[in-house]
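Please open the structure in your viewer and keep the sequence beside it.

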Amino acid sequence: MDILILAVVIAVVAVVAIGGLVVTGVRKKKTPRLDRSAPPPTITPPPTEPQVGEEAGPPRAEERRTIEEVELPRPPVGATDAEAAAPPAPPQPEAPGIEVPAPTAGRLVRLRERLSRSQNTLGRGLLTLLSRDHLDEDTWEEIEDTLLTADVGVAPTQELVERLRERVRVLGTRSPAELRALLREELLALIGTDLDRTVHTEGGVSSEGVVRPGVVLVVGVNGTGKTTTTGKLARVLVADGRSVVLGAADTFRAAAADQLQTWGERVGARTVRGPEGGDPASVAFDAVKEGIGESADVVLIDTAGRLHTKTGLMDELGKVKRVVEKHGPVDEVLLVLDATTGQNGLIQARVFAEVVDITGIVLTKLDGTAKGGIVIAVQRELNVPVKLVGLGEGADDLAPFEPEAFVDALIGD
Ligand SMILES: Nc1nc2c(ncn2[C@@H]2O[C@H](COP(=O)(O)OP(=O)(O)OP(=O)(O)O)[C@@H](O)[C@H]2O)c(=O)[nH]1
């Protein structure tokens, strides 16, 4: 009997134990929680496809995590349920950065190295000739030739040689330092130290009685660096804290408007443009109108400069200027000339001066020529000062023209 009771108790205990195990297993299935202290579950990897270059073989026994084991990123503190539930936003492209142009003060001095490198032959040649023991007729002729070769122009060359001859005769002794000082003074006198070389961008009051921006027309033959100069000038103005609107009035070449717009975008200046082949005057008019509308400080207008016929150019530029003047006067008309083109540049200068009143000259590519004398020749030709010089293709390689720094670069220290 005792044995029977013992057998029944063992049977009951066994049934209860087996029942408990089954329930625990079911619960585990219902709430599959990761028990990190427990030994890793045995995972049977799914069969992997053979990859290129691999031999088809038995599947690799890599450990794989189940979806329950992968932790989701925590929502940021303070995020709403909706935000937390939302899938993460794709990374946004960064807004294109607006560049900060280099300050304009002392730019020519900074770029002097580049200028003096290209102008070496003129300054050094003159000083070497002037240092000869005997300054005879032949030497003076060589001095004259050196100046003419550097595009100084006939009349200014003769003036310079005459004045140098006179002063060297009076001076008697001629130390290198004295000769250098002499040449410096005479070159400065020819270039002029008291001309107004500011680019006028003051603006004023429009014909409708509201404040209007300064208006600058940039003219010149295509290829001289006109569009580049307009873009660089925008940077100069922005560097000086002015707001700028650009007018792409060179409507004959879509690429010119694109080029200008790219320059503008780099410094946060908006470009007003018209349809390709549209009326340049109407684009120029709109640019000034928008400049007035958004209270910009300056509107820079890049014009087309095809020199096929003088009358065509005259009609076009004349019209642009007249139409813009409906808003108020144009403050500055800058003629862009390529310094490397020598006499050709002077001919262009003459034609443009007949078409429109030039108020300032920009000489580009001075870094690429040893003929810096063009500064003197072109000022003489037009009776208009050189206001800016281009000294490279870099965005900040446009400098206000400073006669002293320029002459120092010509003749070296
Ligand atoms: N080395 C050097 N290159 C310059 C300078 N200024 C402009 N350039 C280059 O001259 C080339 C012509 O410049 P653009 O501004 O396109 O000339 P553009 O007169 O507007 O002519 P289009 O674009 O045809 O209307 C470009 O490659 C410029 O980078 C400068 O001062 N020095």
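This is a predicted model: local features need pLDDT of at least 70, side-chain atom pairs count only at pLDDT 80 or more; totals for chains, interfaces and linings use all residues.

The chain contains 14 helices and ten strands. Of its 413 residues, 37% are buried. Among contacts with a separation of 6 or more, 75% join residues 24 or more positions apart.

Next, select the strands of the open sheet. Eight strands form this sheet with mixed pairing, in the order S5-S4-S6-S3-S7-S8-S9-S10. Strand S5 (270-273) and strand S10 (398-400) stand at the edges; each has a single partner strand, so one side of each lacks a neighbour in the sheet. From one strand to the next, the twist averages 25°.

Now select residues 386-390, which form strand S9. Strand S9 pairs with S10 in the antiparallel sense over three bridges. To locate a bridge, select leucine 388, whose partner in S10 is proline 400.

Helix H8 lies across several strands, including S3 (214-219), S6 (298-303) and S8 (360-364), and runs at about 170° to S6.

Finally, select the ligand. Which helix gives the most to the shell around the ligand? It is helix H8 (residues 226-239), with three residues. In total, 19 residues surround the ligand, the closest being Gly225, Lys226, Thr227, Thr228 and Gly390. Two residues of the shell are nonpolar, ten are polar and seven are charged.

Conventions
Residues are numbered from 1 along each chain as its sequence is written. A residue is near a molecule or strand if its C-beta atom, placed from the backbone, lies within 6 Å of it. Helices (H or I, at least four residues) and strands (E, at least two) are DSSP runs, numbered from the N terminus. Ala, Val, Leu, Ile, Met, Phe, Trp, Tyr, Cys and Pro count as nonpolar, Asp, Glu, Lys and Arg as charged, and the others, Gly among them, as polar. A residue is buried if 20 or more other C-beta atoms lie within 10 Å of its own, exposed if 12 or fewer, and partly exposed in between; C-beta atoms are placed from the backbone. Two residues are in contact if their C-beta atoms, placed from the backbone, lie within 7 Å. Two strands pair if DSSP finds at least two bridges between them. Axes are lines fitted to C-alpha atoms, for helices over the stretch in contact, and angles run from 0 to 180 degrees between N-to-C directions.
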